Amino acid sequence: MNNDFLKRFLALVRLRYKLIWAHARTGNGKIAMLFALYLIGGFVALFFALGGVGIGFAITSIEPERAEYFARWMLFGLFVNGIGLSLLFGTGPRAAFSEEALRRYPLDDRERFLVRQLIGILDPVWLLLIACTYGLAIGFWWLGGGSIFRTLLTTTVFIVANYLATIVLLTVVGLVMETRRGSGLIGTVVLLVVSFGPLAIALLINSRKAAVWNALDILLKMTPPGAAAGALLGDTAANVIGNFILLLVWCLALLWALEKLEARPHSTNQTAAASIVWEDYTDQLSKLFGHRYAPLVNKSLRYHLRCNMIRFSLITAPVIVLAGKYLIPHKDGQGYFAVSLAMFFIMSGATAAAMMLNAFGYDNAGIRRYAFLPIRFVDALRAMNLSSLLLRAFAVFISFALWLVFYSSQVLSLRMLAMMLSTALASLFLYNALGFWTSVFSPKSMDFDAMWNNRLSFGANAVIIGGVLIPFWGLITAVNRLGLTTLLRFWWVPLLLMMACACLYIFSFFAIETSLNSRRERLINLIAGARD
Amino acid sequence: MMIASVETETINPNSTTNFATAVRISNLTKRYGNLTAVNDLSLTVPTGKMFGFLGPNGAGKSTTIGCLTGLIDPTSGMIELLGQEFNSNSITLKRRIGVMPEGLGLFDHLYAHEFLAFNARIYGLEESTIRNRVEELLEAMDLASATNKRLADFSTGMRKKVAFAASIIHRPDILFLDEPFESIDPAGVAMLKDWLRRFVSGGRTVFMTTHVLETVERLCDDVAIINHGKVAWRGDVSQLMTGGKLENSGEQFDTLESLFLHLVGERHGDLGWL
């Protein structure tokens with residue numbers, strides 16, 4: 001690594017941080033930063049209050065003979081966090097410069113590779129993760145003894161292994177997503193992991209299957225966290241050296257895999273010409289909305305159904321409702337009903353919400369077209385909202401049917417069914433009504449291809465987060481405090497709520513026009529300006 | 001055969017407008033805070049003209065076109081299109097204009113035929129007409145082989161062709177084009193020029209901005225140059241083709257470029273190190 005390369009690298013790091021800072025200075029960026037600081041602050045406080053140096057101290061002083069076992073699982077937790085942060089929130093390697101972006105700079109192939117990885121690892125959120133890992137390792141060293149050099153070296157290699165595993169996984173996901181059915185495949189895998197992973201773990205814990213746990217622990221010993229724990233806290237020199245070599249082997253293997261993956265030619269989206277299909281199901285569906293809205297609904301339905309994030313959200317909705325049966329602790333029929341009510345409210349509100357809450361966000365420069373086409377600008381927003389309502393209603397009714405099948409063994413009265421359906425529809429109308437307002441007052445340019453990253457505006461995030469937290473705790477508390485019998489006596493309340501939400505929807509449908517017209521130009525500049 | 005059909009279908013010489021003035025702008029002003037993008041601009045464009053609207057970057061061309069097409073609300077002033085007052089809510093008038101805006105305004109995740117059909121449906125064309133015109137336009141624009149590719153995956157030139165096709169699919173009376181020839185291959189440019197000439201010969205009007213002054217000299221018969229939001233020069237440039245000269249305040253110019261540079265001020269930054 002020569003001096004010139006170092007200068008160029010540092011200039012690029014500065015540029016990366018300037019870009020982060022520039023983004024942070026925008027309206028949405030400030031809010032995102034506030035959220036991030038809040039989350040990071042909470043995470044740091046939690047870690048240092050309970051963990052980090054403290055955990056290292058506690059483990060080594062209380063149960064020194066089991067220190068390696070605990071360290072293995074703790075490092076595994078950090079390892080998974082590193083991957084999760086990058087996969088779900090787009091931090092770390094995913095947020096760094098792309099290969100294409102770096103090609104304009106005077107760097108050769110190897111330098112570009114190195115710069116991308118180093119900048120990826122220097123991402124602010126990853127730095128936090130690195131600090132936590134070092135904190136934990138120093139905790140082990142502080143009271144467990146051993147060499148500080150060994151501790152720091154092992155931790156550094158472990159962090160490199162964590163980073164390499166993350167970027168290999170991200171690259172594999174990227175390659176799969178490039179294929180025609182890739183998003184569906186990845187979506188199914190994530191769905192299975194999210195829905196049934198915790199269930200499987202819960203079953204293991206409940207049944208205390210020690211043999212399974214032992215098998216998992218042995219398996220974990222072979223992974224980077226297991227090897228790092230062994231190298232940090234191994235009781236013999238052979239154990240320490242053996243584990244350190246295993247960790248190095250992991251790094252080399254992952255590096256080799258990464259180089260091989262990156263050397264693969266990218267798919268070019270070049271496909272053979274196809275004959276034009278003039279009448280498909282979106283054409284049929286959109287005709288339901290009349291001459292005025294049909295073309296706009298048609299376009300919006302196509303957008304919704306081609307967006308991986310929306311598709312995934314629609315597909316997972318029924319499963320998430322059913323997952324409530326297994327994932328949330330409840331003892332009796334009362335508990336089932338409370339959880340189901342809450343889950344239905346959340347599911348019918350949050351499903352496919354991204355496009356509805358930032359309606360113009362996916363249009364980018366296309367938003368200009370609504371202004372010069374012979375339509376009322378508000379009709380474009382209404383059409384997008386209507387198509388979202390249609391798709392979300394479809395998901396709700398499928399979920400409701402599945403819920404009936406799964407809960408058929410529980411005591412279900414007509415009142416309960418009415419409450420359930422009313423709650424779901426109330427949520428549907430409420431969220432779509434709010435979608436009108438967030439699209440106009442909290443707009444943001446969106447990334448159509450982003451699958452996992454949360455790029456919603458502040459308003460949209462507030463609606464989603466508030467819409468998940470309030471009903472969840474509100475409904476469960478209400479059921480627990482009042483009791484199921486009392487609640488069922490007020491079965492008409494959700495019905496009234498549904499009517500109120502429907503009225504709010506109708507009001508928003510018409511009232512939004514004035515606000516939209518007064519902010520039209522600003523909205524166009526904000527959405528279209530960022531991309532052109 | 002198909003291409004000829006597009007030309008006769010899209011540019012119908014019998015559908016001329018009955019107004020002598022296609023565009024009339026009176027005292028148009030657009031301010032963004034302290035910045036005045038268009039400053040008391042007045043302009044009249046007769047029907048049946050190929051009108052070139054020129055100016056340096058930031059002169060106010062796109063803002064003016066934005067006001068003329070309903071994208072931007074003027075701060076003050078009046079716009080008339082085809083003899084009727086126009087504003088961003090003039091839905092009936094918007095049916096009679098075609099626009100290729102700055103940034104093209106495409107919906108990236110639609111296929112080309114879906115996008116063209118969407119526009120045609122919004123303009124209220126019959127379904128059978130839509131299908132015929134979309135297929136013919138794709139064929140003529142050499143885009144028929146790209147029917148399995150979303151607009152997001154199109155090259156800049158292909159995107160421009162799609163935006164142009166969308167602007168003419170409903171046979172408008174006035175066509176507003178913002179930089180129509182940029183990024184299109186020479187064969188495509190020649191085809192567009194030919195179509196625009198036919199369009200105008202049928203009594204329709206083209207109002208376009210471009211930085212390619214040679215194209216303006218050969219294509220336009222009426223030109224306005226604006227600078228700092230005001231009209232700096234207005235005249236007929238067709239005389240250049242017959243050896244004539246352009247005149248401004250007693251001075252004569254052989255080319256539109258020399259007149260343009262004279263009006264906007266030549267910039268000679270001294271990059272000694274270069």
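1. The model is a predicted one, in which local features need pLDDT of at least 70 and side-chain atom pairs count only at pLDDT 80 or more, while totals for chains, interfaces and linings use all residues. Residues are numbered from 1 along each chain as its sequence is written, and chains are lettered from A and ligands numbered from 1 in the order in which they are written.

2. On overall form, chain B has a radius of gyration of 19 Å, which agrees with the value near 19 Å for a compact globule of 274 residues; the radius is taken over C-alpha atoms, and the globule rule is 2.2 Å times the number of residues to the power 0.38. The C-alpha atoms of chain B fill a box of roughly 55 × 45 × 40 Å along the principal axes. Chain B has 9 helices and 12 strands, these being DSSP runs numbered from the N terminus (H or I over at least four residues for helices, E over at least two for strands).

3. Turning to the interface, 34 residues of chain B are in contact with 29 residues of chain A, where contact requires C-beta atoms, placed from the backbone, to lie within 7 Å. On the side of chain B that touches chain A, α3 (91–94), α4 (112–122) and α5 (127–140) of chain B each supply at least two residues, and α4(B) gives the most, with 5 residues.

4. Within chain A, the axes of helix α20 (residues 414–441) and helix α23 (residues 492–529) come within 7 Å and cross at roughly 10 degrees. This crossing makes α20(A) roughly parallel to α23(A), a label given to angles under 35 degrees; the axes are lines fitted to C-alpha atoms over the stretch in contact, with angles from 0 to 180 degrees between N-to-C directions.

5. The largest nonpolar core has 161 residues, of which B:Phe115, B:Leu116, B:Val162 and B:Val206 touch the most other members; such a core is a set of buried Ala, Val, Leu, Ile, Met, Phe, Trp, Tyr and Cys residues joined through C-beta atoms within 7 Å. To this core α20(A) gives the most, with 14 residues. Leaving aside neighbours within four places in sequence, the contacts of B:Val162 include B:Leu106, B:Phe115 and B:Phe154.

Terms used: Two residues are in contact if their C-beta atoms, placed from the backbone, lie within 7 Å. Angles under 35 degrees count as roughly parallel, over 145 as roughly antiparallel, 65 to 115 as roughly perpendicular and the rest as oblique. A residue is buried if 20 or more other C-beta atoms lie within 10 Å of its own, exposed if 12 or fewer, and partly exposed in between; C-beta atoms are placed from the backbone.
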